[in-house]
Amino acid sequence: RLGDPASAPPAAPGGEPSRKRPADEEGPQAAAMMDCDDPQTVKRRTEAEGQSKPPCCSGSATNSAAGCCLSPGGDLDAGALVNQSQGDSPCLVKLYDAVGGSAGQSQSQQRFGLEGIKLNDVIEVVGVLGSDPRLALFQSGQAGEGEEVTAEDLANNPPASQVPRLHVICGRRVGCYGELAERASIAANLEALRASRERVEASRAKTLDYLSRSVGGDRLAAEYLLLHLLAHCRRDGGSPSAAVVGKHSLNLVGGRDFSALDCEAILRVVGSLVPRIRSLPVSLRGLNAGPLWPRKDYRVSRLVGGPLLLADQTHLFLDETQLGEGQLGQCGVQNFQALKGLVENQQVEVDFQFYRLPVPCDVPVTVLSRTKSLLPCDTCVHVARMQGQQHTELPSETELDELRSYIVHCWMLDYSIPDTVSEVLQQDFVLQRQKDPSTVGAEHLHRTLTLARLLSASRGETSLSVETYRALGELEEKRRARAGG
């Protein structure tokens, strides 16, 4: 996780970052006095995390870029000093304003490629690694005669041996599929896909075949799972409170025999194709255990992460196969509401005790369950497993790169709806509305347009065709027939 210890925290969407505090106002020793006898230039990838206190923010680097952050323990140990996932390496990343920028640039536009970073962004930085042994004395309570060391001081000034300091020279935001497209093998495949429509069709067939293995050979479920992997949303007007366009959540219903092994097979297959994935078991015990949402810890004046605070385009899989009968406590009800808000509105609320701040996100959610989920998913598919279908091993890395290239290619395509196709859509919507006015409305139209865009992208098309729209209608008829209506 990333903070901004030398300057203000990343502002909420639409906000402006504050100016950096002078060096003499920082922790026990000014940053300028930091001992850097043996500096080295390093390259670290981190996730952005806001801080409520400007002087010092902390974070941990992530190797998987999965965007998961877990709640720290009650003690002020190394795990509590930062919002750290298991296996991650914490690091304090210090950002500085550029000196001598052009007159037309604001302060936030002079961050060497890191302009406008926000909560839980994934970034890549190059900087100078520094260490200050005097911070260890501060942690031991030897801050100086007459100085009181508080819990907040300890949290904001961890020893450099546990949490190193990285002074950023330059950096950039890392997009989910943009990062994948930079790999040499992926880039070569992308050129071939752009040049040949037949190559796209062949890659689509291979991807469907691979995905169908994880769902017992069910081609229909594999179709919807492929469309879901291409989903991403935006907000009209850019405002956090604006309507969410393009979101899609998927519920795969496996029946009474749907087991943890089946869920693991789906996670393994999808995880081999997408850069960011996170699984979260949903059970009564887990929901009642502790908050899933991020919140402010006023004891140390820090923002504490939660499992739902994820980087954009992290595919979140909720395993409801472990959910049984029982009663939810107050924390469990709030956790369920947090999951519902993420699925419905693509936002996570940060709890500041006196108020809640909604944070917009782009996290495609897949719910795995034995019966239809209680969460309001956009699409519910009943999986029809073939008898004798067994989970298979992952293909070679070369074969996986071909499938990844296809997903990246489809995800990055532009999209439009021609006027002729728009007229067909309007006519069909009017007819459906006349037949069933109770269920066919604005939400139904939005979902249809979203699925049509995803199916068109999966076919390598940059504009919706009547043929693709009719194909979507056939898929929907098969899906509804399985559900019994």
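Asn120 is buried, with a relative accessible area of 4%; buried means under 20% relative accessible area, exposed over 50% and partly exposed in between, with a 1.4 Å probe and protein chains only. Asn120 sits in the loop between strand 3 (89-94) and strand 4 (122-130). Helices (H or I, at least four residues) and strands (E, at least two) are DSSP runs, numbered from the N terminus. The phi of Asn120 is near 70°, a positive value in a residue other than glycine. Most residues other than glycine have a negative phi.

This is a predicted model, in which local features need pLDDT of at least 70 and side-chain atom pairs count only at pLDDT 80 or more, while totals for chains, interfaces and linings use all residues. Residues are numbered from 1 along each chain as its sequence is written, and side-chain values use heavy atoms, with hydrogens and water left out.

**The chain**

The chain has 14 helices and 16 strands. Of its 485 residues, 49% count as buried. Contact means heavy atoms within 4.5 Å. Among contacts between residues at least 6 apart in sequence, 77% join residues at least 24 apart.

The predictor's confidence in each residue is the pLDDT, from 0 to 100. Its mean over the chain is 78, and 73% of the residues reach 70 or more. Over residues 1-81 the pLDDT is below 50, and this stretch has 259 contacts in the model beyond near neighbours in sequence. Where pLDDT is low, the predicted coordinates should not be read in detail.

Gln346 also has a positive phi, near 50°. Gln346 lies in the loop between helix 10 and strand 13 (347-351) and counts as buried at 5% relative accessibility.

**Nonpolar cores**

A nonpolar core is a set of buried Ala, Val, Leu, Ile, Met, Phe, Trp, Tyr and Cys residues joined through side-chain atoms within 4.5 Å. The largest has 54 residues, and those with the most contacts inside it are Leu211, Leu252, Ile266 and Leu273. Helix 7 (residues 219-229) supplies the largest share of this core, 8 residues. Beyond its neighbours within four places in sequence, Leu252 is in contact with residues including Val215, Phe258, Ile266 and Val381. A second, separate core of 19 residues includes Leu310, Leu339, Val343 and Cys361.

**Pocket and cavities**

On a 1 Å grid over the protein atoms alone, a cavity is a set of points where a 1.4 Å probe fits but cannot get out; a pocket is an open set with protein on both sides within 12 Å along at least five of seven lines, and lining residues have an atom within 4 Å of a point. Grid points are joined across faces, edges and corners, and a volume is the space filled by probe spheres set on the points. By this rule there are 7 cavities of 30 Å³ or more.

| Space | Volume | Lining |
|---|---|---|
| Largest pocket | about 910 Å³ | 34 residues |
| Second largest cavity | about 90 Å³ | 13 residues |

Lys247, Cys377, Asp378, Glu443 and Arg447 lie nearest the centre of the largest pocket. Helix 13 gives the most to its lining, with 6 residues. That lining divides into 11 nonpolar, 13 polar and 10 charged residues. Here Ala, Val, Leu, Ile, Met, Phe, Trp, Tyr, Cys and Pro count as nonpolar, Asp, Glu, Lys and Arg as charged, and the others, Gly among them, as polar.

Nearest the centre of the second largest cavity lie Leu119, Asn120, Leu310, Pro360 and Cys361. Its lining holds 9 nonpolar, 1 polar and 3 charged residues.
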